[in-house]
Amino acid sequence: MPIATNSVVGSVPQGDAGVGSATNVVAIQVGGALGVAVIGSLLSTRYQNHIASALAARHVPGAAMHTILGSFGGALTVAARAGGTTGALLAHAARTAFMSGVQVSMAAGALVALAGALLVLARLPSRTARDLPDSDEVSRRQSPVPLQGHLASPTSLARQSRP
């Protein structure tokens, strides 16, 4: 993250560094929120489809099915209450469905990350040694600007404060 932030802030003029930094923070927050939403939706949808097809041939009461489809933890709770072979089979089906959802959602996340990396490699300008400023130019840029005439002297401030 620090390298990406430096790249964003370094790509804008120095006077716009605050705008570049703010844009970077917004992109991170929006990307994080969308990532959680999309990955969570993929996981949930895959889990529900997988567990529903696994239980399609069995008679499961409506309230129990609602709890099972609602979450992995709910399915394990129903499995623990059912106990015996039925509970063990339900717990196994829930674990299998959950891991199937994890695999699909993580694969989607990995594909998006790979696409982002390829996009950055293709679009980010590269800097070679000939593009970098020489040491004399850097020292000229970083030399202090004389402030004479820009700051008030202590005696002029004292005169201004008198009535």
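Two residues are in contact when heavy atoms of theirs lie within 4.5 Å. By that criterion, and leaving aside neighbours within four places in sequence, Ser100 is in contact with Arg46 and His50. The structure is a predicted model, and its secondary structure comes to 7 helices and 0 strands.

**Confidence of the prediction**

- The mean pLDDT of the protein is 83, and 77% of the residues score at least 70.
- Confidence is highest in helix H4 (residues 72-82), with a mean of 95, and lowest in helix H7 (residues 154-161), with a mean of 53.
- Where pLDDT is low, the predicted coordinates should not be read in detail.

**Overall architecture**

- Along the sequence, the elements follow the pattern α-α-α-α-α-α-α.
- The protein has 163 residues, of which 13% count as buried.
- Among the contacts with a separation of 6 or more, 47% join residues 24 or more positions apart.

**The largest pocket**

- The largest pocket holds about 520 Å³ of space.
- It is lined by 17 residues, and those closest to its centre are Ala4, Ser7, Val8, Asn24 and Leu124.
- Helix H1 (2-10) and helix H2 (17-55) each contribute at least two lining residues; the largest share, 6 residues, comes from H2.
- By class, the lining of the largest pocket consists of 7 nonpolar, 9 polar and 1 charged residues.

**The second largest pocket**

- The volume of the second largest pocket is about 250 Å³.
- Its lining comprises 13 residues, with Leu55, Arg58, Val60, Thr86 and Leu90 the closest to the centre.
- Two or more lining residues come from each of H2, helix H3 (62-70), H4 and helix H5 (84-123).
- H5 gives the most to this lining, with 4 residues.
- The lining of the second largest pocket divides into 10 nonpolar, 2 polar and 1 charged residues.

**Asn24, at the largest pocket**

- Asn24 belongs to helix H2 and is one of the residues closest to the centre of the largest pocket.
- The relative accessible area of Asn24 is 10%, which is under 20%, so the residue counts as buried.
- A polar contact of 2.9 Å links the side chain of Asn24 to the side chain of Thr5.
- Beyond its neighbours within four places in sequence, Asn24 is in contact with Thr5 and Val8; Val8 is also among the residues closest to the centre of the largest pocket.

**Leu124, at the largest pocket**

- Leu124 sits in the loop between H5 and helix H6 (135-142), and is likewise listed among the residues closest to the centre of the largest pocket.
- Leu124 is partly exposed because its relative accessible area, 46%, falls between the limits of 20% and 50%.
- Leaving aside neighbours within four places in sequence, Leu124 is in contact with Ser7 and Leu119.
- The C-alpha atoms of Leu124 and Ser11 are separated by 9.9 Å, although these residues are 113 residues apart along the chain.

**Ser100, in helix H5**

- Ser100 is found in helix H5.
- Ser100 has a relative accessibility of 8%, under the 20% cut-off, and therefore counts as buried.
- Its contacts with Arg46 and His50 are those that remain once neighbours within four places in sequence are left aside.

How values were computed. Residues are numbered from 1 along each chain as its sequence is written. This is a predicted model: local features need pLDDT of at least 70, side-chain atom pairs count only at pLDDT 80 or more; totals for chains, interfaces and linings use all residues. Side-chain values use heavy atoms; hydrogens and water are left out. pLDDT is the predictor's confidence in each residue, from 0 to 100. On a 1 Å grid over the protein atoms alone, a cavity is a set of points where a 1.4 Å probe fits but cannot get out, and a pocket is an open set with protein on both sides within 12 Å along at least five of seven lines; lining residues have an atom within 4 Å of a point. Grid points are joined across faces, edges and corners, and a volume is the space filled by probe spheres set on the points. Ala, Val, Leu, Ile, Met, Phe, Trp, Tyr, Cys and Pro count as nonpolar, Asp, Glu, Lys and Arg as charged, and the others, Gly among them, as polar. Buried means under 20% relative accessible area, exposed over 50%, partly exposed in between (1.4 Å probe, protein chains only). A polar contact is a pair of N or O atoms within 3.5 Å; within protein, one must be able to donate a hydrogen and the other to accept it, and residues adjacent in sequence count only if both atoms are side-chain atoms.
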